[in-house]
Amino acid sequence: MYENLSKRALYCMYVAGIITGVVVLAVIGAVDYFWIFPEDLTAGKWISLVLAVLVLFDVAVSPYFRYNRYRYSINDECIDIIEGYLFVKRNIVPIERLHKLQTKKGPIDQLFGVAKVIVTTGGGDVTLEFLEEERAEQIAETLRRRINEIAAGQRAGESE
């Protein structure tokens with residue numbers, strides 16, 4: 001059964017998107033201000049305007065869709081994460097392939113009481129994002145126990 005994110009996750013996504021949007025708009029403004037091709041000044045202004053509108057649209061719309069599409073499921077066999085905005089991505093990670101677990105909170109995450117659980121496998125990292133802090137700790141502890149059970153079972157199988 002898939003679990004959804006809390007409303008705190010949505011607010012965190014919006015704030016992160018706004019901060020990123022402000023930085024991108026500042027870069028667009030700086031490029032527009034220091035435009036080095038005076039003969040193409042009108043074209044540059046139009047390009048900047050289109051980019052600014054696209055950034056504002058993305059900041060307003062993407063958190064809503066990302067929040068509503070984000071689902072995760074954890075069972076004895078695997079971790080299954082579905083996420084995306086324009087393109088929906090699904091990550092399925094077998095529990096026995098886990099090498100390392102890490103919880104992480106950035107400044108914006110701390111502000112909204114959310115955290116990430118980063119799962120490292122031989123093939124790379126998979127991140128469960130925007131989880132409530134308590135839920136992130138609970139997931140990390142459950143996965144740690146499951147990894148230890150698998151490791152103990154493997155050691156017992158080798159000693160026989």
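Tutor: Helices here are DSSP runs of H or I with at least four residues, numbered from the N terminus. The structure is a predicted model.

Student: Which helix holds both E141 and R144?

Tutor: The side chains of E141 and R144 meet in a salt bridge, with 3.4 Å from N to O. An α-helix has 3.6 residues a turn, so residues three or four places apart point the same way. E141 and R144 are three residues apart, about one turn, and the helix that holds them both is α4.

Student: What is the relative accessible area of E149?

Tutor: E149 meets R146 in a salt bridge of 3.3 Å, N to O, and both residues lie in helix α4. R146 counts as partly exposed because its relative accessibility is 23%, between the 20% and 50% limits. E149 is also partly exposed, and its relative accessible area is 48%.

Student: Why does D80 count as buried?

Tutor: D80 lies in strand β2 and R90 in strand β3, ten residues apart, and their side chains meet in a salt bridge of 2.5 Å, N to O. Buried means under 20% relative accessible area. D80 falls under that limit and therefore counts as buried, since its relative accessible area is 6%.

Student: How many residues does the largest nonpolar core have?

Tutor: Those with the most contacts inside this core are L5, Y72, I79, L128, L131 and L143, and L143 touches I74, I79, I95, L98, L101 and V119 when residues up to four places away in sequence are not counted. Elements that each supply at least two residues of the core include α1, β2 and α4. In soluble globular proteins, nonpolar side chains tend to be buried together.

Student: What separation do the C-alpha atoms of Y67 and G106 have?

Tutor: Y67, in helix α2, is buried at a relative accessible area of 12%. Leaving aside neighbours within four places in sequence, Y67 is in contact with residues including L5, L10 and M13. G106 is 39 residues away from Y67 along the chain, and the separation of their C-alpha atoms is 18 Å.

Note on methods: Residues numbered from 1 in each chain as written. Predicted model: local features only at pLDDT ≥ 70, side-chain atom pairs only at ≥ 80, totals over all residues. Heavy atoms only, no water. Core = buried A, V, L, I, M, F, W, Y, C linked by side-chain atoms within 4.5 Å. Buried < 20%, exposed > 50% of the residue type's maximum accessible area, 1.4 Å probe, protein only. Contact = heavy atoms within 4.5 Å. Salt bridge = Lys/Arg side-chain N within 4 Å of Asp/Glu carboxyl O.
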